[in-house]
Amino acid sequence: RMVYDEKIILAKYNEPFSTNALEKLLKKLHVNHIDIVMNQSKIETGHYKSKVFLENNNLFGMREPRNRITTATGSNLNHATYDSWQESVIDYAIYQSTFLKGKNRNEYLSYLMANYAENKGYVSLIQKMK
């Protein structure tokens with residue numbers, strides 16, 4: 001049996017991170033439930049201050065995937081690394097299209113609770129955020 005890693009190589013980005021730039025890219029990528037995804041990014045990065053975000057360009061606390069294509073370049077701090085914050089967003093869009101395509105809000109949040117979150121109060125945190 002042949003095993004291989006599929007990686008996507010993307011054009012380099014130079015736009016610095018901001019929540020406006022993040023929201024703009026999520027819209028450009030047609031990510032569903034942008035408000036949920038924006039709240040996930042705040043939770044996963046400690047409002048954009050975590051080492052995983054600052055060192056790995058990882059906005060979503062993603063681990064390096066083994067069963068789908070990815071933009072991740074490796075692992076650090078037990079989380080996926082990316083060449084840019086934008087590649088982290090693109091990887092989340094790939095994750096969403098692979099596992100969450102067509103889910104309504106309740107189904108989406110239920111999936112996150114069962115398959116994504118380590119914190120039992122994760123969905124409550126997402127829903128309480130503005």
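Reader: How many helices and strands are there in the protein?

Author: Glad you asked! This is a predicted model, and the protein in it has six helices and two strands. Reading from the N terminus, the elements follow the order α-α-α-β-β-α-α-α.

Reader: What makes the radius of gyration of the protein agree with a compact globule?

Author: For 130 residues, a compact globule would have a radius of gyration near 14 Å, and the protein has 14 Å, so the two agree. Along the principal axes, the C-alpha atoms fill a box of roughly 40 × 40 × 30 Å.

Reader: Let's turn to the rings. Why is the pair of Phe 17 and Phe 53 called edge-to-face?

Author: A pair of aromatic rings is described by the distance of the centres and the angle of the planes. Phe 17 and Phe 53 have 5.1 Å centre to centre and 70 degrees between the planes. Altogether, the structure holds 10 aromatic pairs.

Reader: What does the pair of Phe 17 and Phe 53 tie together?

Author: Phe 17 is in the segment before helix 1 (19-28) and Phe 53 is in helix 3 (residues 51-56), so their pairing links parts that are 36 residues apart in sequence.

Reader: How do you know whether Phe 17 and Phe 53 are buried or partly exposed?

Author: Buried means under 20% relative accessible area. Phe 53 has 7%, so Phe 53 is buried. Phe 17 has 25%, which lies between 20% and 50%, so Phe 17 counts as partly exposed.

Reader: Why is the pair of Tyr 92 and Tyr 95 called tilted?

Author: Their ring centres are 5.7 Å apart, with the planes at 45 degrees. Tyr 92 and Tyr 95 are both buried. They are also members of one aromatic cluster, together with Phe 60, Phe 99, Tyr 116 and Tyr 122.

Reader: What makes Asp 91 count as buried, and which residues is Asp 91 in contact with?

Author: Asp 91, in helix 4, has a relative accessible area of 0%, which is under 20%, so Asp 91 is buried. Leaving aside neighbours within four places in sequence, Asp 91 is in contact with residues including Met 62, Pro 65, Arg 68 and Tyr 82.

Reader: How do you know that Trp 85 is buried?

Author: The relative accessible area of Trp 85 is 6%, again under 20%, so Trp 85 is buried. Trp 85 lies in helix 4. Not counting residues up to four places away in sequence, Trp 85 touches Phe 17, Leu 22 and Phe 53, among others. The C-alpha atoms of Trp 85 and Leu 22 are separated by 8.7 Å, although these residues are 63 apart along the chain.

Reader: What makes the phi values of Leu 77 and Asn 78 worth a look?

Author: Most residues other than glycine have a negative phi. Leu 77 has a positive phi, near 55 degrees, and Asn 78 has a positive phi too, near 65 degrees. Leu 77 is in the loop between strand 1 (74-76) and strand 2 (79-81), and Asn 78 is in the loop between strand 1 and strand 2.

Reader: Why is Asn 78 called exposed, and what is Leu 77 called?

Author: Exposed means over 50% relative accessible area. Asn 78 has 58%, so Asn 78 counts as exposed. Leu 77 has 37%, between 20% and 50%, so Leu 77 is partly exposed.

Terms used: Residues numbered from 1 in each chain as written. Predicted model: local features only at pLDDT ≥ 70, side-chain atom pairs only at ≥ 80, totals over all residues. Heavy atoms only, no water. Helix = DSSP H or I, 4+ residues; strand = E, 2+ residues; numbered from the N terminus. Rg over C-alpha atoms; globule rule 2.2 N^0.38 Å. Phe/Tyr/Trp six-rings, centres within 6.5 Å; stacked < 30°, edge-to-face > 60°. Buried < 20%, exposed > 50% of the residue type's maximum accessible area, 1.4 Å probe, protein only. Contact = heavy atoms within 4.5 Å.
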